[in-house]
Amino acid sequence: MSRLPPMIALSYFEVASRTKSFAKAAQELNVTPAAISHQIKALEAYLGVELFVRHHRRVSLTPAARAALPELHEGFKILQQAVDNIRLFSEERSVVTVCAEPLFATKWIVPRLHRFYACCPEAEVRLQASLHTVDKCRNSEFEGSQLKRAGIDVSVRLGYGDYKDLAPQRLMSLDLVPMSTPELVASLESVESLPKQTLLWDSTLSRFKESCGWHEWFLQQQAEHTDSLRELRFGNGLLTLEAALSGQGFLLGSKELLQAELASEKLQVAIDRPMHCDQAYYVVSAGLNSERDIARQFREWLVEEAGSSEN
């Protein structure tokens, strides 16, 4: 270590050589270009070799710099990983990072979080909402290594539960019924009149090869005249829900996920004929063999909550 130049000079050189710009390096490191230039000159003096050729408004690497850059870049990556591993020890007992589909995260997990904190008051749940938790087809290629790379401890996935190296636990079936505001529901004359209404469509469900949307629901009801449905499409379930709450049309919703809206009568079930989808919500962990206690506690709590919701 005594032969190494100052670490700050090496870090400035790594960023400057990677970006090939003192100005861009300064922006990334949140310092001035003059500070970058000063550290590079000090490093060149320490090593006794030029590292950059200065041009007008740009710099280029010397052969010495090009030779050092790959190993230096890899060295900083390894150093960052080592620091992250150290940080894990300070967070290991309390922090759990969780990721779920946006509607499930917002309408199911968040309203129940206070019960988890009551059981584990020292915990810190870092909840993320992402459509990357939605599988597109059966025989999913999703693996635990993907969770580890993303720093996710526990994930609730919407799919078929057929994961190769994971042990998925089913949380909730996906059963959808038409619902809307009480005013729109009251104006609906019959099932036959529903195709004439504005139908709100969550595009999350169209990610599946085996779709579970309005056409499938009407097919189950053996309804006619569904060739020209008037659909408004939204990018996720939360946007679709907001459109329904503002009276813009009918949505296919889960009574389990939208309990609060139904209980407060902001929404009402228009026709209580559920369409059972092949997809469901599953909880998976980044690695059951190396699962931290706090991650295991949260995963088991999710399973218990799902069980009590069904009773």
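**Figure 1. Arg 115 counts as partly exposed, with a relative accessibility of 36%.** To read labels like that one, take a residue as buried under 20% relative accessible area, exposed over 50%, and partly exposed in between (1.4 Å probe, protein chains only). Keep in mind that you're looking at a predicted model, where local features need pLDDT of at least 70, side-chain atom pairs count only at pLDDT 80 or more, and totals for chains, interfaces and linings use all residues. Residues are numbered from 1 along each chain as its sequence is written, and side-chain values use heavy atoms, with hydrogens and water left out. What does the side chain of Arg 115 meet in a salt bridge? The partner is Glu 305, at 2.8 Å from N to O. This pair links distant parts of the chain: Arg 115 belongs to helix α6 (residues 113-119) and Glu 305 to helix α12 (residues 293-310), 190 residues apart. A salt bridge, by the way, is a side-chain nitrogen of Lys or Arg within 4 Å of a carboxyl oxygen of Asp or Glu. And is Glu 305 buried or exposed? With a relative accessible area of 8%, Glu 305 is buried.

**Figure 2. Zooming out: the chain has twelve helices and eleven strands.** Its radius of gyration is 27 Å, while the globule rule gives 19 Å for 311 residues; that's well over the rule, so the chain is more spread out than a compact globule. The radius is taken over C-alpha atoms, and the rule is 2.2 Å times the number of residues to the power 0.38. Helices (H or I, at least four residues) and strands (E, at least two) are DSSP runs, numbered from the N terminus. Along the principal axes, the C-alpha atoms fill a box of roughly 85 × 45 × 35 Å. Of the 311 residues, 45% count as buried. Take the contacts between residues at least 6 apart in sequence: 74% of them join residues at least 24 apart. Contact, in these legends, means heavy atoms within 4.5 Å.

**Figure 3. Arg 18 and Glu 28 form a salt bridge, with their closest N and O atoms 2.9 Å apart.** Arg 18 lies in helix α1 (residues 7-19) and Glu 28 in helix α2 (residues 22-29), so the pair ties together parts that are ten residues apart in sequence. How exposed are the two ends? Arg 18 is partly exposed at 37% relative accessibility, and Glu 28 is partly exposed at 44%.

**Figure 4. Within helix α12, Glu 300 and Arg 296 sit four residues apart, about one turn of the helix.** Their side chains meet in a salt bridge, 3.2 Å from N to O. Glu 300 is partly exposed at 32% relative accessibility, and Arg 296 is partly exposed too, with a relative accessible area of 29%.

**Figure 5. Tyr 12 is a buried residue, at 11% relative accessibility.** You'll find Tyr 12 in helix α1. Which residues is Tyr 12 in contact with, leaving aside its neighbours within four places in sequence? They are Leu 29, Val 31, Ala 35, Ile 36, Gln 39 and Ile 40. For a sense of scale, pick out Val 284, which is 272 residues from Tyr 12 along the chain: the two C-alpha atoms are separated by 40 Å.

**Figure 6. Asn 30 and Glu 265: a look at two loop residues.** Asn 30 has its place in the loop between α2 and α3 (33-47), while Glu 265 is in the loop between α11 (259-263) and β10 (268-269). Neither is a glycine, yet phi is positive in both: near 60° for Asn 30 and about 65° for Glu 265. Asn 30 is exposed, at 70% relative accessible area, and Glu 265 is exposed as well, at 53%.

**Figure 7. Pro 70 lies in helix α4 (residues 63-91).** This proline is exposed, with a relative accessible area of 53%. How many Å separate Pro 70 and Asp 272 in space? From C-alpha to C-alpha they are 62 Å apart, and in sequence they're 202 residues apart.
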